[in-house]
Amino acid sequence: MGSPVANVHESATQALLTELVSHLRQNRTQLREEWARRITESRLPTAMTQEEIFIEATAVYDNYVAVLETGSVEALREYARDLSERIIPRGVETHEVLGIVLLLRNVLARSLFKKYQSDFGMLNRVLDAYEPAANRIANTVGVSFVQERERIIRQQQEAIRELSTPVLQVRERLLILPIIGVIDPQRARQLTEQLLRGIRANRAKVVVIDITGVPSVDSTVANHLVQTVDASRLMGATVIVTGLSSEIAQTLVRAAAGI
C-alpha cells in the first residue's frame, strides 16, 4: 500500500493527464495535420506516400492519446508491431520511425506551451506528467520496431541458409546435398537438420553429400559431418560423401576415429 503523499501525487498526475487527453482530443484535427505537415517537411519516411503518412499518423495519434489516458501500452505495442511488419520491407529505417514519434512529441509539447503560456506553474506540472508518458510511448514504438526488424532479419537469414544447403531429390529415395562455401558449426547443424528431415520426408535410402565446393573443414565441422552420416544411417539411408580433397578426407577420418 502506497504512502498518502505518493497517492496524492499519483492522483494529481492522473488528473493532469486527464486534462491533457481532453486537450489533445479537442484539438485532434489541428494537431494531427500539424504533425503530418512536419513529417512531410522533414522527409520522413522517404518510402511512404503522403496519403499513407496521413493514415498512419492518424492511427499513431489516437494510440498515443489512448496511452496517455489509460497508462497501458499494449494496444500501442500491437499496432507498432503491425506497422513495423508493413513498412520494414519497404525500407523504412529505425531512425525514421523514432524521428516521426519524436516529432509528435514536439508538436504536442508546443501545443501545451501555447495553452498554458500564461501559467508557468501549471505548465510545469503538465509537462512533468506528460514527459514520462511520452518517453514511454517513444520507447515502446522504438523497441517494437527493432524487435520486428530483428525477426525479419532472422527469417531472411534462415531462408538464405536453406537456399545455401538445398536437399534435392534426384529420383525416388535418392537425395543429393550439394554444399558450397564455408561450413561453420551453425551451418553444419542446420545442414544436418535439413538432411534428416529430407530423409524422413522422402524415405530416402541413398544420400549423396557433395562437398566439392567446400574449401576446408576443421575438426569441429568434421565431427559434425561424421555425426550427420551416422544419424542418416540410423534412419536407414546409405551416405556417400563425394568431392573430398585429400586434406578434408584425412580430417574426416581422424574425426571418425575420434583422434
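Trainee: What should I know before I start?
Mentor: The model is predicted, so local features need pLDDT of at least 70, side-chain atom pairs count only at pLDDT 80 or more, and totals for chains, interfaces and linings use all residues. Residues are numbered from 1 along each chain as its sequence is written, and side-chain values use heavy atoms, without hydrogens and water.

Trainee: How many cavities of 30 Å³ or more are there?
Mentor: One. A cavity is a set of points, on a 1 Å grid over the protein atoms alone, where a 1.4 Å probe fits but cannot get out.

Trainee: How much space lies in the largest cavity?
Mentor: About 180 Å³, where a volume is the space filled by probe spheres set on the points, with grid points joined across faces, edges and corners.

Trainee: Which residues are the closest to its centre?
Mentor: Of 18 lining residues (an atom within 4 Å of a point), the closest are Glu56, Val60, Leu83, Val97 and Ile100.

Trainee: Which helix gives the most to that lining?
Mentor: H4, with five residues. Helices are DSSP runs (H or I, at least four residues), numbered from the N terminus.

Trainee: New topic. At what angle do H2 and H5 pack?
Mentor: About 135°, with their axes 9 Å apart. Axes are lines fitted to C-alpha atoms, for helices over the stretch in contact, and angles run from 0 to 180 degrees between N-to-C directions.

Trainee: Which residues of H2 meet H5?
Mentor: Leu31, Glu34, Trp35, Arg38, Ile39 and Ser42, where contact means heavy atoms within 4.5 Å.

Note on methods:
On a 1 Å grid over the protein atoms alone, a cavity is a set of points where a 1.4 Å probe fits but cannot get out, and a pocket is an open set with protein on both sides within 12 Å along at least five of seven lines; lining residues have an atom within 4 Å of a point. Helices (H or I, at least four residues) and strands (E, at least two) are DSSP runs, numbered from the N terminus.
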